[in-house]
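Below are my notes on this model, as numbered points. Please read them alongside the coordinates.

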Amino acid sequence: MSEVLRRQSRFNGEAVVALAAILGVRTPPPPVPALEDFHHWCTLRESGDIHAAREAVARLPRRPRLSLLVATAGACPAHLRECLASVEAQVYPEWELVLVGPEDGPALPEPWASSRRQPRIRRVTLSGPTDFARALRVGLQAASGDFVGVLGAEDTLAPHALAEVALALGANAGLDVVYGDEDRLDTRGRRTAPFFKPDWSPDLLRSVDYLGRGVLARRSLVESVGGFREGFPGAEEYDLFLRLSEATERIGHVPHLLYHRRLGAVGQVSQEGRHALAEHLSRRGEDAEVTVPGPGRYRVRYAVRGTPKVSIIVPFKDRPDLLKTLTDTLLERTTYPHFELVLVSNNSVRPETFALLDTLTDARVVKRTWDFPFNYPAINNWAAGQATGELLLFLNNDMEVVDPGWLTELVSQAQRPEVGAVGAKLLFPEGTVQHAGVVVGMTGMAGHPFWRLPDGPIATPFGHTEWVRNWLSVTSACVMIRRPLFDALGGFDERFLLCGSDVDLGLRLHARGLRVVCTPFARVVHHESASRRTDAIPEPDYWRSFTSYRPWLLKGDPYYNPNLTLLSGDCDLRRHPEDGEALAVRTLAHEVPSARRPPT
């Protein structure tokens, strides 16, 4: 009954948004997921996960040894007792626990005191300084496992944590690093605040230490990159993760809550972390500056190389009110000077439109006409052929520039050779999020996570929109790509008419091994598209999208998390059985115009 009520509530909310769009009014933004049923959600899933992991481990042909390092200095005895108990409760047997503490420190809590013999638990004592980095270095030297990770002395592991890591290694023996999802333990020991992570996202790691805890890395690789270094207090693990990412991209993610963290916040940021990130960029030969714009995040400002010209391509049909807002704010507020604004009229007829165009005498404005039946990819492809810039920025006509440095940020990201396309954070006029990336499989075909949630570092199970992230795609309402790359791809697929060609472009970039990035440091206000009815999208676009997206609909979007809902963009917990393909099929069966048309 609770699930019926929850779905009814969601339907009611979506109906209100649709009605508001028809009436031309705004509705209050949806609430951030409250997670009142998080404990129940875990209970429903985790007993089955633990049982399945236990059975799967018994069938593993090879069981790598996993070593956990625990620095015990200053730990609360009661919490340390819970930590040790959680390790002994592991359903995976091939583990080793290395406890490192001061020589004169207190004895281990019972029943792990010296009177008890547990061959898998080793205690190493330190004389002299007992700082965290030194403890981890000594623990690493004492460890004998194939993989090694850090366990906080007051944190705990899920019973199947090490089993899931071993199973991931069994499925892909080439992995060098494996990480899982995590949650918090409050002052009463109750689980709260889950953080469900994406698969390996290099740009996200440069925004926040999203790997956090619950990470195991190949010991030989850890040693080859220098292990745990001094000089980064509070950021020892983050510094190691950055150096590991320079040595390998064979980094796997287990989408289960494996680690329960008692203290600290996800992505704790420090000046030492900033220093570690700056060194990482320097080692990679990237000209960039690292700042700390706010709690829990870093910002990497990449230097713009040279003075590349940007062609900003804006198709439009009339709506001189929107076009004036765009041109006024873009020309007046944009600090990056090297651009041309290519305005492409598609079957405009209003005298007010042509009167506005006559007033646009700025030398950077280029006016073009494409009076053929509307086809969004075709208009943009044609305009790209008319443009003269080294970088192409495809932009909707319903935008308002609010950040002077928006174009500089997009250029600096788009010049990176490993990046294929860059998108901006798009906001509705009331300040809620319209776009911060695209998830394939969400809301039928593809959708926007964080949609209509408040802008800023809000708390959801997927984090927030203030981090630079990697995605499979971003919206073509504002996307930048290098011209040679766009030409090599053949531009947008003109078999689409209105929707889907942008996601398809991102998928083709991903297939080439290039990253798609969305940056929150380029913010643009989007004045339209607060809600788009399904019958406003041409039906062929649904079928073309289904064909293009289907591989990802089946296996899931790697930059999202399978524990999060696909029914909406609020990043709430997943409580439905349908995968992306099932939702897409339901859309094709019930929501496209022909399916909704009464039979004749």
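1. Buried means under 20% relative accessible area and exposed over 50%, with partly exposed in between (1.4 Å probe, protein chains only). By that criterion Thr519 is buried, with a relative accessible area of 0%. Thr519 belongs to strand E23 (residues 515-526); helices (H or I, at least four residues) and strands (E, at least two) are DSSP runs, numbered from the N terminus. Contact means heavy atoms within 4.5 Å. Beyond its neighbours within four places in sequence, Thr519 is in contact with Glu409, Leu410, Val422, Gly423, Ala424, Lys425 and Val468.

2. On provenance: this is a predicted model, in which local features need pLDDT of at least 70 and side-chain atom pairs count only at pLDDT 80 or more, while totals for chains, interfaces and linings use all residues. Residues are numbered from 1 along each chain as its sequence is written, and side-chain values use heavy atoms, with hydrogens and water left out.

3. pLDDT is the predictor's confidence in each residue, from 0 to 100. The protein chain averages 92, and 92% of the residues score at least 70. Where pLDDT is low, the predicted coordinates should not be read in detail.

4. Helix H13 (residues 406-414) has eight of its nine residues buried, so this helix is largely enclosed by the rest of the structure. Among the buried ones are Glu409 and Leu410, both of which are also in contact with Thr519.

5. Asp455 is in the loop between strand E20 (446-447) and strand E21 (469-471). With a relative accessible area of 26%, Asp455 is partly exposed. Its side chain makes a polar contact with the side chain of Lys425 at 2.6 Å. A polar contact is a pair of N or O atoms within 3.5 Å; within protein, one must be able to donate a hydrogen and the other to accept it, and residues adjacent in sequence count only if both atoms are side-chain atoms. Asp455 and Glu466 are eleven residues apart in sequence, and their C-alpha atoms are 8.2 Å apart.

6. The whole structure holds 13 aromatic pairs. Rings of Phe, Tyr and Trp (its six-membered ring) pair if their centres lie within 6.5 Å; planes under 30 degrees apart count as stacked, over 60 as edge-to-face and the rest as tilted. Tyr238 and Tyr298 have ring centres 5.4 Å apart and planes at 0°, so they are stacked. Tyr238 is in helix H8 (residues 236-247) and Tyr298 in strand E11 (residues 297-302), so the pair ties together parts 60 residues apart in sequence. Both tyrosines, Tyr238 and Tyr298, are buried.

7. Phe462 and Trp471 pair edge-to-face, at 6.3 Å centre to centre and 65° between the planes. The charged end of Arg469 sits over the ring of Phe462, 4.3 Å from its centre; the criterion is NZ of Lys or CZ of Arg within 6 Å of the ring centre and within 35 degrees of the ring normal.

8. A nonpolar core is a set of buried Ala, Val, Leu, Ile, Met, Phe, Trp, Tyr and Cys residues joined through side-chain atoms within 4.5 Å. The largest one has 65 residues, and Phe450 and Leu509 are among those touching the most other members. Helix H16 (residues 539-555) gives the most to this core, with five residues.
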